[in-house]
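Reader: I would like to learn how strands, sheets and chain contacts can be read from a model such as this one. Could we go through it feature by feature?

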Amino acid sequence: MTLSLEASSVTVAYPNGHTALRDASFKLGPGTIAALVGVNGSGKSTLFKALMGFVKPVSGQIRIAGGTVEQARKQKLVAYVPQSEEVDWTFPVSVWDVVMMGRYGHMGFLRIASAEDKRIVSESLARVGMSDFKERQIGELSGGQKKRVFLARALAQSGQIILLDEPFTGVDVTTEESIISLLRDLRNEGRIMLVSTHNLGSVPEFCDHVVLVNRTVLASGPLEEVFTEQNLSRAFGGVLRQFHFEHSTIQDHDGKTVKLLTDDERPLVFGKDGHLEYKDRSGREELVREREKMEGRE
Amino acid sequence: MSWLAPFQYPFMIEALLVSALVGIVCAVFSCYLVLKGWSLMGDAISHAVLPGIVLAYLCGLPLAVGAFAAGFVCAMSIGWIKSSTRIKEDTVMGIVFTGMFALGLVLFTKVQTDAHLNHILFGNILGIERDDLIQVIVASVVTLAVILLLRKDLMLFCFDPAHARAIGLSTVALHYLLLALLSGAIVASMQAVGILLVVAMLVTPGCTARLLTDRFDRMLLLAVASSVLASSLGVYASFFLNGSTGACIVLAQSLVFLVAFLLRGRRAAQKA
């Protein structure tokens, strides 16, 4: 059995009549890190819910490793790393307890941990570099540490398909890099990671596949083919913030057209000598002239 | 009067034992209720059992059966109204439980029963009858056994239902199980403190324990300890105060909570 994740013409509608996802199709093979990219309300979380069997498609089907979602659930194939906002961080459980929850599906009726379960939990904690924190209550961790704990739980579950919901919000750069390198290791083991993210700039850094959604799957395929300016503007409409270098106050740019896109925030750009640069040159001709003058004097 | 005077009376000994048993059941359950954020649901269901009790009298069924059924009707109606309208859940609860409680009161005045309304509303642990005692014990033992057997699944359900589902647990079944256990705990503690104050038994021990620890297993133990202590204290004090035993138990629960709260304040101050 080769690992795969496939949705064909999936339509999901909620009881109140709202169709969150229509005719969505994509396919992921083994050893993939796929970015799930789209605006809020584009159906990213609905897609996750469908993959976990929380909502049933009204038409179309989802196949996981050749079987149904229900079969995948029984085999604990799909692991979920929740968004930080979804977790009750005041809950009285330790890091160790949370990672052990990944093993529950593998335990007997009374959920008594075997030596094997404990070994796997220790290993998973070591893998994400959280062994020293195993006695901490989960609320006492930093944003990045919290993410790593839930990633360790997915490992302990031995989930072959890992769904990560916004793994980089509230995470510092060092942790982001360590999470990315862990995801690469997992990819090399043949697992499939589907990462929902707002962080467009990080996508080319660690994903090899992109699924663009906007109430349906607009495009799905290898990063270079799908993560194009044209596709992104289809996915985001006018939502993206843009910074065109050739329209900006930046002088002496290399003459090529460089455009910077971000989802959430406007970029802050500093030019040569630490000058603050503005998005539009028009209306600031005075400033540009002044800087040119200073440049000439030097 | 001697400090040991209450122990000369068999009904006092019995009341102490029953209140301790009820205290254990409620304490264990309260940990889940508090962490799940279902305190208001506990309040709603405990009021809503009244019409069920009256109807059970009418049909000659055990009270527990009626209470259980009414609790379920209440929970179902709340879920149904909430999912088919835009009204917020706490508002729906307010409407449903007051409506059912009022229905119970009206039914009670229309139907001749040999029960005393006061005993149902405020408990009657000192004058508990043989049949009622058996019901209390059965409801307590069954509820406690189910919770302890499934304590990890229930904890996971409270903490992270998405993960519970992902590893193959049925979250729908766990949801209804938790509701059923809530009804069971209410039936068990109804005789001790009455349906008006049951919610204190179902919320306070868990909160008290939560203040003192941030580990779940320790929280269970501390909740049981605080609840048994408060129940016994309440029964014991009511002998001297000659007051409502149920109210004394609940008052003792509040006092234990207050002590835990003050202790925690001091601990937090030392940490800082």
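Reader: Which residues point one way from β7(A), and which the other way?

Author: Before the answer, some conventions: this is a predicted model, in which local features need pLDDT of at least 70 and side-chain atom pairs count only at pLDDT 80 or more, while totals for chains, interfaces and linings use all residues. Residues are numbered from 1 along each chain as its sequence is written, and chains are lettered from A and ligands numbered from 1 in the order in which they are written. Helices (H or I, at least four residues) and strands (E, at least two) are DSSP runs, numbered from the N terminus. I192(A), L194(A) and S196(A) point one way from β7(A), whereas M193(A) and V195(A) point the other way, and all are buried. A residue is called buried if 20 or more other C-beta atoms, placed from the backbone, lie within 10 Å of its own. For strand β7 of chain A, residues 192-196, this holds for 5 of its 5 residues.

Reader: How many bridges join β6 of chain A to β7(A)?

Author: Two strands pair if DSSP finds at least two bridges between them. Here 5 bridges join β6 (residues 161-165) to β7(A), and the two strands run parallel; I161(A) has I192(A) as its bridge partner. The chain passes from β6(A) through helix α6 (residues 173-188) to β7(A) in a right-handed β-α-β crossover, where right-handed says that, with the strands pointing away from the viewer, the path from the first strand over the helix to the second runs clockwise. Strand β3 (residues 32-37) of chain A also pairs with β7(A) in the parallel sense, over 5 bridges, and L36(A) stands opposite S196(A).

Reader: In what order do the strands of the open sheet of 6 strands follow one another?

Author: The order is β5-β6-β7-β3-β8-β9 in chain A, with mixed pairing. At the edges stand β5 (78-81) and β9 (217-222), each with a single partner strand, so one side of each is left without a neighbour in the sheet. Neighbouring strands are turned by 15 degrees against each other on average, direction ignored; such angles are taken between axes fitted as lines to C-alpha atoms, for helices over the stretch in contact, and run from 0 to 180 degrees between N-to-C directions. Helix α9 (residues 229-236) of chain A packs on this sheet, touching β3, β8 (209-213) and β9, and its direction makes about 150 degrees with that of β9(A). Contact between two residues requires that their C-beta atoms, placed from the backbone, lie within 7 Å.

Reader: Which strands form the open sheet with antiparallel pairing?

Author: In chain A, 3 strands form that sheet, in the order β2-β1-β4, and its edge strands are β2 (19-28) and β4 (59-64), each pairing on one side only. Strand β1 (residues 5-13) is joined to β2(A) by 6 bridges, and V10(A) stands opposite A24(A).

Reader: How many residues of chain B are in contact with chain A?

Author: There are 20 residues of chain B in contact with 23 residues of chain A. On the side of chain B that touches chain A, α7 (151-159), α8 (161-166) and α11 (216-241) of chain B each supply at least two residues.

Methods: Buried ≥ 20, exposed ≤ 12 C-beta atoms within 10 Å, placed from the backbone.
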